[in-house]
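Dear colleague,

Please find the structure for your review directly below. My notes on what was found in it follow.

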Amino acid sequence: MPDLPRQPPVPPAGPPGRDEFDGTTTVERQTQKTEPPRLYQVLLLNDDFTPMEFVVMVLQEYFRHDLDTATQIMLKIHHDGRGVCGVFSKDVAATKVELVLAAARRAGHPLQCIMEAA
Ligand code: TYC
């Protein structure tokens, strides 16, 4: 059998004090405080000038939606004023916003793309 990596013993749960586990005394116990990473929605906003086809292309190319889903999301934005393209970690959401805005400006469209904490 291959050698398994040696793991430190798991400390018993409970308040600081005499440990029955191995006879040692715990002076201070750290509780786990790490929060899971926050998630961010990337949204597109409606405007009167960006062609529907361009928005559908953005939803397919940058958010990997299929044609039907992309069309439904685009129509929701068109009717409601805004819609969610996807939910991502902070860095990925920020990159998507930058890429979408750059593509829209290159094509000469005023499309707005924003991120919001989910
Ligand atoms: N309202 C645009 C039009 O009628 C289409 C559109 C949809 C624009 C979604 C932006 O995020 C948007 N051409």
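A residue is called buried under 20% relative accessible area, exposed over 50%, and partly exposed in between (1.4 Å probe, protein chains only). At 44% relative accessibility, Leu39 therefore counts as partly exposed. This is a predicted model, in which local features need pLDDT of at least 70 and side-chain atom pairs count only at pLDDT 80 or more, while totals for chains, interfaces and linings use all residues. Residues are numbered from 1 along each chain as its sequence is written, and side-chain values use heavy atoms, with hydrogens and water left out.

The chain has three helices and five strands (DSSP runs of H or I, at least four residues, and of E, at least two, numbered from the N terminus). Their order from the N terminus is β-β-β-α-α-β-α-β. Of the 118 residues in the chain, 26% are buried.

One aromatic pair was found (ring centres of Phe, Tyr or Trp, the latter by its six-membered ring, within 6.5 Å; planes under 30 degrees apart are stacked, over 60 edge-to-face, the rest tilted). The ring centres of Phe63 and Phe88 lie 6.1 Å apart with the planes at 40°, so this pair is tilted. Phe63 sits in the loop between helix H1 (52-61) and helix H2 (67-80), and Phe88 in strand S4 (residues 82-89), so the pair ties together parts 25 residues apart in sequence. Both Phe63 and Phe88 are buried.

Leu39, mentioned above, belongs to strand S3 (residues 39-45).

Yours sincerely
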